[in-house]
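Here is a quick tour for anyone meeting this structure for the first time. Have a look at the sequence and the model, then read on.

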Amino acid sequence: MSKRVVLGVSASVAAYKAADLASQLVKSGVEVFPVMTADAARFVQPATFRALTHHPCPIDVFEEPFPGEIAHIWLARHCDLFAIVPASMNVLARLANGLADDMLTAAALACTAPILLAPGMNTGMWDNPATQANLARLRDYGYYFIEPTTGRLACRTEGVGRMADVPTILAAIHEMLARQDSWRGVRVLVTAGPTREPLDPVRFLSNRSSGKMGYALAEAARARGAAVTLVSGPTALPRPGGLEFVPVETAAQMRDAVLSRAAEQDILIAAAAVADYAPVEVAEQKIKKEAPPAPNSGGAGQEEVGGLTLVLTETDDILAELGRRKRPGQTLIGFAAETEHLLDHARRKLESKNLDWVVANDVTQPGAGFDGDTNIVTLLGARGEEISLPLLTKREAAERILDAVTATPGEQSPGRATS
Ligand SMILES: Cc1cc2nc3c(=O)[nH]c(=O)nc-3n(C[C@H](O)[C@H](O)[C@H](O)COP(=O)(O)O)c2cc1C
């Protein structure tokens, strides 16, 4: 069966390019269902899209182009990919805020298939803090983007905001569609985020992990058709849909959640920053400044130095345990966030924990590491592979990591599992 793409067209000057995209998609065998905003129809007529795609091109959410169906829900359910080309500043704002007030936004907001946005707008609109905040939110929600380029704009200025060209968008759509079924039937467990190790009822020890890398990996695996379990420590990220989500707080909870599900997984990706140490004891009451040493203070130090000495114990090493339990055909991927001797430490981790891949990143590099939307990683494989990736968004890095795992020859390749 041919792939189905809903093509949403909004009111940027680049709307005319969407007609060429629709035509090329149809020629390549994709079934295209167009939808437009009312203002987009002031740039290009819906008749153009109807003629090119042989499907209706609704605008208003109350239109009934599909007999007996609620059109926005039908479109949302019957597509493999939803591409919004171009995506106006206004549409970005509406999607980021859940405003479903026309056919395009109502269908997009009801859709669980991947949504690809190709923004196009004047530089001032692009740089506007409201747009940048909306983009950040949409990225966190799992939307895919084709970034605008820098160049001459219709408003006779030079700058960022020009929609990517049609061949680039076409290639991205085909790449996403091709990936879609590549991990069908593969079971993937991803850990993400930090853990919190309580000190008392109000305090905990934790780390700077945002969870973004792990969430990007889980979403990328889901988009390839895998059955995904995401075991997540506390993060500020929205909970992704279309996967089993297991929230945990402590390293011990993460260990239990992961180990109880590990045997049935084909691929395990340990991206969480699990605490290596936890307080020996958790105080039942809030530790007070003036109080005698707390149970986990080791009885030392408080009066003498005016501080608090915590006694910590090592937590269980989940990754090492997964390595010990690894069964034939299972792929185990770990992360090594290092501040020095990156590749040496990562290679040692790969070997000592029986991993198939380790994703090494030097968290001291600008653009890499815990917070933020980008990362710079090197993949080391158990067969001696070494793949250095440039500065990429965490979403792009996730795709490249999954590509590397797919390309691994041997039983654990998802390509084989599904063939
Ligand atoms: C000539 C003209 C060109 C415009 N170009 C853009 C553009 O490139 N990008 C954009 O986001 N908005 C642009 N706008 C503004 C949008 O068309 C306007 O915000 C509209 O209400 C968006 O509607 P929609 O998001 O529902 O499609 C333009 C408006 C006009 C009149």
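## The chain as a whole

Keep in mind that this is a predicted model. Its chain has 16 helices and 21 strands. If you draw a box around the C-alpha atoms along the principal axes, you get roughly 80 × 50 × 45 Å.

How much of the chain is buried? Out of 419 residues, 43% count as buried. As for who touches whom, take the contacts between residues at least 6 apart in sequence: 66% of them join residues at least 24 apart.

## Around the ligand

There are 14 residues around the ligand, and the ones that come nearest are Ala11, Ser12, Thr37, Ser88 and Asn90. Helix 5, which covers residues 89–96, supplies the largest share of this shell, with three residues.

What kinds of residues make up the shell? Seven are nonpolar, six are polar and one is charged.

## A closer look at Leu109

Leu109 sits in helix 6, which runs over residues 103–110. Why does Leu109 count as partly exposed? Because it has 15 C-beta neighbours inside 10 Å, and that falls between the 12 or fewer of an exposed residue and the 20 or more of a buried one.

Setting aside neighbours within four places in sequence, Leu109 is in contact with Leu95, Gly98 and Ala100. Take Gly98: it is 11 residues away from Leu109 in sequence, and their C-alpha atoms are 6.9 Å apart in space.

Technical notes. Residues are numbered from 1 along each chain as its sequence is written. This is a predicted model: local features need pLDDT of at least 70, side-chain atom pairs count only at pLDDT 80 or more; totals for chains, interfaces and linings use all residues. Helices (H or I, at least four residues) and strands (E, at least two) are DSSP runs, numbered from the N terminus. Two residues are in contact if their C-beta atoms, placed from the backbone, lie within 7 Å. A residue is near a molecule or strand if its C-beta atom, placed from the backbone, lies within 6 Å of it. Ala, Val, Leu, Ile, Met, Phe, Trp, Tyr, Cys and Pro count as nonpolar, Asp, Glu, Lys and Arg as charged, and the others, Gly among them, as polar.
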